[in-house]
Amino acid sequence: MPKSHWLVVNTHAHREKLAIENLQRQNFQSYCPLMRKRLRGRTGPREVLRPLFPSYLFVRVTPDKSQWRPVLSTYGVRKVVRFGDDVPYLDARFVETLQAREIDGAIVKPREPYAPGQDIRIVSGPFDGLIAKIIDVRENDRLVILMDLLGQSVRGRIHADQVSPLGAN
């Protein structure tokens, strides 16, 4: 049996589930990695599953054009990602690595390197060299910090790339 690889498929907006159902009817194995996202609503915060790569999913195929052509006419699928006439196949290890990080149907982010209460050193920008304390860790690697500036405690936001844990160079 020929070795199988994964295609990257672009779906119509918010139609990943429809595409997966229709691909399964055609006996294609597909995978759409999901992550948990916290939403705020009128009734309070709630957790939902959202695609890790919105409007994209992976489909297992053998690298033969006749094998993946039916994917193009599947409801929910917009196109197969390709470069000109070349179709880039993903190594199965990439998808296996994502699947290995799943817990209860969702990809789990690696543990954050920073936590509230941790002391850090700012390593770039106008406050390079200052010591600060992390107050909160936000989405997109943003940190809310408290630093001593001219004798006053000043609150600010900084990207995690601009800091290092205290004690690290």
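Predicted model: local features only at pLDDT ≥ 70, side-chain atom pairs only at ≥ 80, totals over all residues.
Is F94 buried, exposed or partly exposed? With a relative accessible area of 37%, F94 is partly exposed, where buried means under 20%, exposed over 50% and partly exposed in between, for a 1.4 Å probe and protein chains only.

Residues are numbered from 1 along each chain as its sequence is written, and side-chain values use heavy atoms, with hydrogens and water left out.

**Stop 1: the sheet**

Show the cartoon and select β2, β5, β1 and β6. Four strands form an open sheet in the order β2-β5-β1-β6, with antiparallel pairing. Strands here are DSSP runs of E, at least two residues long, and helices are runs of H or I of at least four, numbered from the N terminus; two strands pair if DSSP finds at least two bridges between them. Now look at the edges: β2 (29-31) and β6 (77-80) each have a single partner strand, so one side of each is left without a neighbour in the sheet. From one strand to the next, the twist averages 35°.

**Stop 2: N10 on β1**

Select residues 5-11, which are strand β1; β1 and β6 pair in the antiparallel sense over three bridges. N10 belongs to this strand, and its bridge partner in β6 is K79. What is the relative accessible area of N10? The value is 3%, so N10 is buried. Leaving aside neighbours within four places in sequence, N10 is in contact (heavy atoms within 4.5 Å) with S55, Y56, V77, R78, K79 and V81.

**Stop 3: the helix across the strands**

Next, select residues 16-25. This is helix α1, which lies across β1, β2, β5 (56-61) and β6 and runs at about 15° to β5. Axes are lines fitted to C-alpha atoms, for helices over the stretch in contact, and angles run from 0 to 180 degrees between N-to-C directions. Which residues of α1 are buried? They are E16, A19, I20, N22 and L23. Just after α1, stop at N27, which takes a positive phi of about 65°.

**Stop 4: the nonpolar cores**

In soluble globular proteins, nonpolar side chains tend to be buried together. A nonpolar core is a set of buried Ala, Val, Leu, Ile, Met, Phe, Trp, Tyr and Cys residues joined through side-chain atoms within 4.5 Å. The largest one here has 15 residues, of which L7, V9, L23, L57, V59 and V71 touch the most other members. At least two residues of this core come from each of β1, α1, β5, α2 (65-72) and β6. Centre on V71 and, leaving aside neighbours within four places in sequence, you will find contacts with V9, L23, F28, V59, V77 and V80. A second, separate core of 11 residues includes Y114, I134, I145 and V163.

**Stop 5: the aromatic rings**

Show Y31, F53, F58 and F94, which form one aromatic cluster. The whole structure holds three aromatic pairs. Rings of Phe, Tyr and Trp (its six-membered ring) pair if their centres lie within 6.5 Å; planes under 30 degrees apart count as stacked, over 60 as edge-to-face and the rest as tilted. Y31 and F58 have ring centres 6.5 Å apart and planes at 25°, so they are stacked. Y31 sits in β2 and F58 in β5, 27 residues apart. Both are buried: Y31 at 8% relative accessibility and F58 at 5%. F58 also pairs edge-to-face with F94, at 5.9 Å centre to centre and 85° between the planes. F94 is in helix α3 (residues 92-100), 36 residues from F58.

**Stop 6**

Finally, go to I134 in strand β10 (residues 131-138). I134 counts as buried at 2% relative accessibility, and its C-alpha is 51 Å from that of Q26. Beyond four places in sequence, I134 touches residues including Y114, G117, I120 and I145. G117 lies in the loop between β8 (106-107) and β9 (119-122) and is partly exposed at 44%.
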